[in-house]
Amino acid sequence: MYKSKYFTNKALSCPCCGDMKMQESTLIKLDLLCEKLGVPVLLSSAYRCLRHNTNVGGAKHSAHMEGYAVDIPCHGVKAYNILEAAFAVRFTGIEVQQMSMLAIHKRWIHLDDAPATLVRQRPYLF
């Protein structure tokens, strides 16, 4: 199994049960992202079990539950740099929440490389 250069198992594990079922492809892209940025990033969410995903209001078919997704708290120039690096390392699922003017802690970027399905469409990368 691939071991991340930048993230501990604890940082990648579900906070409610401690399971860590991150996909190797996602870990590799996360490490590449950190290398492009020149610094590690903080994760606010990585793998989630069904119970935790439900408790935080996650999507029914969340890529977090399959170990393909992470959320990174960020704003401003840091958010722009993370997006630029995410496209470069070819994450295919990118969601941006940067609209909270009063609560900087509610700004984040979701990155995933989950496979395309009927409920989870992905862009075609060539």
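Q: At 37% relative accessibility, how does R90 count: buried, exposed or partly exposed?
A: Buried stands for under 20% relative accessible area and exposed for over 50%, with partly exposed in between, using a 1.4 Å probe and protein chains only. Because the relative accessibility of R90 is 37%, R90 counts as partly exposed.

Q: What kind of model is this?
A: Residues are numbered from 1 along each chain as its sequence is written, and side-chain values use heavy atoms, with hydrogens and water left out. Local features need pLDDT of at least 70 and side-chain atom pairs count only at pLDDT 80 or more, while totals for chains, interfaces and linings use all residues, since this is a predicted model.

Q: Where is R90 found, and what is its phi?
A: R90 is found in the loop between helix 4 and strand 2, where helices (H or I, at least four residues) and strands (E, at least two) are DSSP runs numbered from the N terminus. Although R90 is not a glycine, its phi is positive, at about 75 degrees.

Q: Which residue in strand 3 is the bridge partner of A69?
A: Strand 1 and strand 3 (residues 108-112) run antiparallel and are joined by five bridges. Along these two strands, I72 stands opposite I109, while the bridge partner of A69 is D112.

Q: Which residue's backbone oxygen does the side chain of H64 reach?
A: H64 is found in the loop between helix 3 (50-55) and strand 1, and at 2% relative accessibility H64 counts as buried. A polar contact is a pair of N or O atoms within 3.5 Å; within protein, one must be able to donate a hydrogen and the other to accept it, and residues adjacent in sequence count only if both atoms are side-chain atoms. At 2.7 Å, the side chain of H64 reaches the backbone oxygen of A46.

Q: How far from a polar atom of the side chain of T26 does the backbone oxygen of Y68 lie?
A: T26 is found in helix 2 (residues 24-37), and T26 is buried, with a relative accessible area of 0%. Residues touched by T26 include Y68 and A69. The backbone oxygen of Y68 lies from a polar atom of the T26 side chain at 3.5 Å.

Q: How many disulfides does a search of the whole structure find?
A: A disulfide is a pair of cysteine sulfur atoms within 2.5 Å. The sulfur of C14 is 3.6 Å from its closest cysteine sulfur, in C49, and is therefore too far for a bond. The sulfur of C34 is also too far, because its closest cysteine sulfur, in C74, is 12 Å away. The number of disulfides found in the whole structure is zero.

Terms used
Two strands pair if DSSP finds at least two bridges between them. Contact means heavy atoms within 4.5 Å. Lists of a residue's contacts leave out its neighbours within four places in sequence.
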